[in-house]
Amino acid sequence: MELTHLQSFLAVYRERNITRAAASLHISQPAVTAHLRALEAELKRPLFVRLARGVAPTALADQLASEVTEPIAALAATAQGFRPDVDLSQATLLIGGPADALSAVILPLLAPFANRGLSIRVQTGLTPDLVRALSSGELDLVVATTPTRQRAIKLTRLFDEELALTLSPRLAANLGRSIELTSVTSAQWPTLLRGVPLIAFAENAPLVRRFWRTAFGLSAAPSPKIVVNDLRAIATAVTASVSWTVLPTYLTRELVAHGELITPFRPEAVPTNTLYLAQRTSQGTPTVDRVVQHLVGSLSQWRAVSTSIG
């Protein structure tokens with residue numbers, strides 16, 4: 001398999017769109033299409049199903065991406081290490097995003113750059129505020145929890161958070177006195193949680209609404225009793241109360257393993273929330289371009305689920 005063919009494949013797999021993949025690679029769309037066709041001819045099976053607005057990966061594409069993403073990302077990182085064109089010790093990266101995702105996922109991936117002398121300044125907050133700061137030049141990159149439609153901002157899909165219905169042990173014990181929680185169906189959960197305090201990230205409870213819509217087919221989700229704009233703080237608050245929430249599994253896995261949180265229900269269609277990397281379409285720098293390439297390469301196949309990260 002040709003390395004360029006695999007790079008084009010991973011870009012399409014990440015973007016779910018050939019045009020956006022070509023733009024992210026800085027090559028033409030026909031070139032990406034040719035690379036895909038050559039790879040599919042070599043494998044003798046299709047990698048994507050063409051849709052009206054993009055493509056959908058086949059099972060073969062999922063398998064191939066899981067096997068080649070890390071080696072290719074490692075090759076790219078090694079190649080970057082031999083490039084002398086950027087003096088990281090003289091550069092500063094200004095990055096914003098939600099505190100939880102930055103601390104748990106993004107900042108550990110930036111450690112190699114910090115070790116090489118890059119100065120990093122982090123600003124936490126809500127996506128609309130951070131995107132405004134990005135547009136005005138106050139930030140170089142933003143980890144966005146929702147897509148933005150601003151013409152001067154480019155979005156790259158980073159990773160999907162798997163969302164889980166999360167209960168405090170005290171609430172699970174209370175509910176378990178009247179019903180076996182593992183036997184509760186998707187139709188029963190909304191009724192079972194009615195009137196129980198909900199702790200959410202914002203007044204409109206975006207993660208809860210996404211879970212309600214995907215898992216239960218309901219457009220109207222409960223209103224939160226407590227609002228905290230840090231998912232890690234929400235996890236801590238739920239452990240100490242008789243309440244519930246919806247959280248990404250990568251933030252709760254250890255707490256669940258130690259019995260401090262309960263995730264009693266896994267729907268057939270697992271709800272996810274996509275995070276994006278936002279940057280200005282102009283005024284890019286070699287440092288920002290290198291960081292973007294590293295983050296996207298590292299996270300293009302990353303999934304916040306137990307089957308993919310243990």
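**Figure 1. Overall dimensions of the predicted protein chain.** Along the principal axes, the C-alpha trace spans about 65 × 50 × 35 Å. The protein chain comprises 13 helices and 11 strands, these being DSSP runs numbered from the N terminus (helices: H or I, at least four residues; strands: E, at least two). This is a predicted model, in which local features need pLDDT of at least 70 and side-chain atom pairs count only at pLDDT 80 or more, whereas totals for chains, interfaces and linings use all residues. Residues are numbered from 1 along each chain as its sequence is written, and side-chain values use heavy atoms, with hydrogens and water left out.

**Figure 2. Packing of helices α1 and α2.** Helix α1 (residues 3-15) packs against helix α2 (residues 18-25) at an angle of about 125°, with the axes 8 Å apart. Axes are lines fitted to C-alpha atoms, for helices over the stretch in contact, and angles run from 0 to 180 degrees between N-to-C directions. The two helices, α1 and α2, are therefore oblique to each other (under 35 degrees counts as roughly parallel, over 145 as roughly antiparallel, 65 to 115 as roughly perpendicular and the rest as oblique). Their crossing is right-handed, that is, the near helix is turned clockwise from the far one by less than a right angle. On the α1 side, Gln7, Ser8, Ala11, Val12, Arg14 and Glu15 meet Ile18, Arg20, Ala21, Ser24 and Leu25 of α2, where contact means heavy atoms within 4.5 Å.

**Figure 3. Packing of helices α5 and α12.** Between helix α5 (residues 99-115) and helix α12 (residues 286-299) the packing angle is about 125°, and the axes lie 11 Å apart. Helices α5 and α12 are therefore oblique to each other, and α5 passes α12 in a right-handed crossing. From α5, Val105, Ile106, Leu109, Leu110 and Phe113 meet Arg290, Val291, His294, Leu295, Ser298 and Leu299 in α12.

**Figure 4. Confidence along the protein chain.** The average pLDDT, the predictor's confidence in each residue from 0 to 100, is 86 for the protein chain, and 91% of the residues score at least 70. Over residues 303-310 pLDDT stays under 50. Where pLDDT is low, the predicted coordinates should not be read in detail.
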